[in-house]
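Subject: Structure for you to look at

Hello,

Here is the structure I said I would pass on. Please open it first and then read the notes below it.

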Amino acid sequence: IAGDLGEVRVRIVMAEPNVNRALTAYLSPDFPIKSLSLRLFSDKVKITGNFVKGFFSLPIAIDSVIKVRNGVELYFDLTGIKAGFGMPPAVVEVIEGQLNATLRDAIAKHQHESPIPFYIDEVRTEPGRLIALGKAQLRF
């Protein structure tokens, strides 16, 4: 049997514990934030952990939103970082770059595992849930 249902709308919902498990599994061992935990709120994300550099460890709290680029790439748009004090913009950019590189690598590595490729139009966060809205071509 073969068919083509054409383009269909897709809604993917992921619970906060599953987002945390996936993020932890995909982090490289040299990622500078250890004990990373992500909390999902209405239209924002709070990331906490310990920023570790050598023997230096500092608790860190990151405020962010999750956005989508080109329908296939999710990324963190950081709105602030606190480590007992506000971080300078240069440090925010470095951490944002490392977070997004980790997320981009994880998505690229596991994109082929999806049985149905999909295009993401929008990402929303609600308390405890990450929601991706998009479309897919269904052919069988």
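What share of the contacts in the protein chain with a separation of 6 or more comes from residues 24 or more positions apart? Such residues account for 46% of those contacts, where contact means heavy atoms within 4.5 Å.

Two points on how to read the rest. This is a predicted model, in which local features need pLDDT of at least 70 and side-chain atom pairs count only at pLDDT 80 or more, while totals for chains, interfaces and linings use all residues. Residues are numbered from 1 along each chain as its sequence is written, and side-chain values use heavy atoms, with hydrogens and water left out.

Overall layout

The protein chain has 2 helices and 7 strands, and along the sequence they come in the order β-α-β-β-β-β-α-β-β. Helices (H or I, at least four residues) and strands (E, at least two) are DSSP runs, numbered from the N terminus. The chain has 140 residues, and 34% of them count as buried. Buried means under 20% relative accessible area, exposed means over 50%, and partly exposed is in between, with a 1.4 Å probe and protein chains only. The accessible surface of the chain is about 8,600 Å², computed by the Shrake-Rupley method with a 1.4 Å probe, and for residues only the protein chains shown count as cover. Carbon and sulfur atoms hold 58% of that surface.

The core

The largest nonpolar core has 29 residues, and Ile62 and Ile95 touch the most other members. The elements that give two or more residues to this core include helix H1 (16–26), helix H2 (89–110), strand S4 (56–69) and strand S7 (129–139). A nonpolar core here is a set of buried Ala, Val, Leu, Ile, Met, Phe, Trp, Tyr and Cys residues joined through side-chain atoms within 4.5 Å. Leaving out residues up to four places away in sequence, Ile62 touches Ile33, Val45, Lys46, Ile47, Leu78, Gly80, Ile81, Ile95 and Leu99.

Strands S3 and S4 pair in the antiparallel sense over 9 bridges; two strands pair if DSSP finds at least two bridges between them. Lys46 has Asp63 in S4 as its bridge partner. The hairpin of S3 and S4 has 2 residues between the strands, and Gly54 there takes a positive phi near 65 degrees.

S4 and S5 also run antiparallel, joined by 9 bridges, and Val68 stands opposite Leu74 in S5. These two strands form a hairpin with 3 residues between them.

Asn70 lies in the loop between S4 and S5 and is exposed, with a relative accessible area of 60%. Asp43, in the loop between S2 and S3, is another residue other than glycine with a positive phi, near 60 degrees. Asp43 is exposed, with a relative accessible area of 57%. For background, most residues other than glycine have a negative phi.

Is Asn20 buried or exposed? Asn20 is buried, because its relative accessible area is 15%. This residue is found in helix H1 and, leaving out residues up to four places away in sequence, touches Leu36, Ser37 and Leu38.

Phe31 sits in the loop between H1 and S2 and counts as buried at 4% relative accessibility. Beyond four places in sequence, Phe31 touches Leu36, Gln98, Leu99 and Thr102.

Lys135 is found in strand S7 and is partly exposed, with a relative accessible area of 24%. Lys135 and Glu7 are 128 residues apart in sequence, but their C-alpha atoms are 6.4 Å apart in space. Beyond four places in sequence, the contacts of Lys135 include Glu7, Val8, Arg9 and Val10, and also Phe118 and Tyr119.

Rings

Arg69 lies over the face of Tyr75, at 4.0 Å from the ring centre. Lys44 lies over the face of Phe41, at 6.0 Å from the ring centre. A charge sits over a ring if NZ of Lys or CZ of Arg is within 6 Å of the ring centre and within 35 degrees of the ring normal.

Regards
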